[in-house]
Amino acid sequence: MQIHTNFSLKNYNTFGIEAKAKEFVSVHSTDELIEILQQYPTSKKFILGGGSNMLLTQDIDALVIHLDLKGKKVIDEDEDFVWVESQAGENWHEFVLWTIDQNFGGLENLSLIPGNVGTTPIQNIGAYGVEIKDTFVLCEAIHIETQELLVFTIEKCKFGYRESIFKNEIKDEFIITSVVFKLTKRNHKLNTSYGAIEAELEKQHIKNPSLKDVSNAVIAIRESKLPNPKELGNSGSFFKNPVILKSDFEKIQQKFPDMPHYVVSETEVKVPAGWLIEQAGFKGKRFGDAGIHKNQALVLVNYGNATGQEILEVSKNIQKTIFESYGISIEAEVNII
C-alpha cells in the first residue's frame, strides 16, 4: 500500500471539486484496512467510498482511506429467497444490475443511484418507494480505534428517512466493510406505483414487467432528470424532502393550495423539496460555475470550476429563500465536508 501526500481528490468526488488530501491510501481488503488503522493509530482519518454523497469545501487535513474492497457472492438461499453479500467498494449500480441478471428481486427501484455499496446503509438510500432497509439484513463494520469487526443487524442500524445510527450516535466511529441483502428468487413483488414508473412502462408498451423492465424504467427516468456526474459534476439529490407536522402543513396550504405532499403518518406529511425550490425560481439558475440543474431542482451542479464553498453558498441561499417563502426548513442530504 502506497501512501500519497498532497493528493488531488478531484477524481474521487462526483462534484469534481478540486481539493487535496494531506495523505491518501487505497485499501483493497479488510486486512489492509486494519493494517493501515494500526499503523496510524493517532492520525486523523477520513473514510472515502464512491465520493458521491459529499461536498468538499476545503482540503482534507487527514489520512484519506479510500475503500476499494471488491467482491459479491451468494451466502445462503432457500426456495424463495437468496442472501447476497457485497463488499463495501463495489459500485452500487453495477451491483444492482448484477442482482437483476441473477433474477434476484428487491433492488431494481434503486438502479442508477451513484456511490458504493458500503455507504448505502449510512444514508438508508431510497428511490421510487423503496429504501435499503426493505432488503437489508446486516452489515459488518470495523471500529476505527479498536479495529474490532462488529455486525450491525437491521435493528441496530436504527434506519429512518435518509438516516441511520452511522449518521448519528456512532458517526465517524466505524467503517462498513460489507453488506448483506435478502432478495427474492421468485414471486417478485414489483413496486411500480411510485413516481413515473408506471407511465414509463406504458410508454414502452410493457404490461407485465420483469425486474429488468422496472430497472430500465427507473434508469430512463433518472437519466431524463439527473445529469451524469462524469459529464456534469453533481451529487444527485442535494436536499432531503422535508417532513413537517400536518398541522403546520395545513396552515401553509391555505396560502399555497397547490403544494404537493405525501402523508407520512397521522401527524406528519412530506413536502417535495424539488417543488419548493422550483417554485422559488431556482431551477436552471447559474451562479458562476455553480448552479441548479435545468431538469431537476433538487440537483446542484458544478459547471466546471466551481469551488465547494461556491456550491455551499448556493445551497444556503436556497435554504434561506425557502424558509422565508414557506416557513419550511430544508436540510442537505449531502455531507458537507
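**Helices, pocket and sheets**

Modeller: Happy to! H2 and H6 are roughly antiparallel to each other, because angles over 145 degrees get that label. Helices here are DSSP runs of H or I with at least four residues, and strands are E runs of at least two, numbered from the N terminus. Bear in mind that this is a predicted model, where local features need pLDDT of at least 70, side-chain atom pairs count only at pLDDT 80 or more, and totals for chains, interfaces and linings use all residues. Residues are numbered from 1 along each chain as its sequence is written, and side-chain values use heavy atoms, leaving out hydrogens and water.

Colleague: At what angle do the axes of H2 and H6 cross?

Modeller: At roughly 155°, and the axes come within 9 Å. Axes are lines fitted to C-alpha atoms, for helices over the stretch in contact, with angles from 0 to 180 degrees between N-to-C directions.

Colleague: Switching topic, which elements each supply at least two residues of the lining of the second largest pocket?

Modeller: Helix H2 (92-101), helix H6 (211-225) and strand E13 (233-234). The largest share, three residues, comes from H6. A pocket is an open set of points on a 1 Å grid over the protein atoms alone, where a 1.4 Å probe fits, with protein on both sides within 12 Å along at least five of seven lines; lining residues have an atom within 4 Å of a point.

Colleague: And which residues lie nearest its centre?

Modeller: Thr14, Pro114, Asn228, Pro229 and Lys230, out of 36 lining residues.

Colleague: OK, sheets now. What is the strand order in the open sheet of five strands?

Modeller: The order is E6-E7-E12-E10-E11, with antiparallel pairing. Strand E6 (72-77) and strand E11 (149-153) stand at the edges with a single partner strand each, so one side of each has no neighbour in the sheet. On average, neighbouring strands of this sheet are turned by 25° against each other, direction ignored. Two strands pair if DSSP finds at least two bridges between them.

Colleague: How many bridges join E7 to E12?

Modeller: Seven, between residues 81-87 of E7 and residues 174-184 of E12. For example, valine 82 has leucine 183 in E12 as its bridge partner.

Colleague: What about the open sheet of four strands, which ones stand at its edges?

Modeller: E13 and strand E17 (286-287) do. The order is E13-E19-E18-E17, again with antiparallel pairing. E17 pairs with strand E18 (residues 290-292) over two bridges, and the bridge partner of arginine 286 in E18 is glycine 291.

How values were computed
Parallel < 35°, antiparallel > 145°, perpendicular 65-115°, else oblique.
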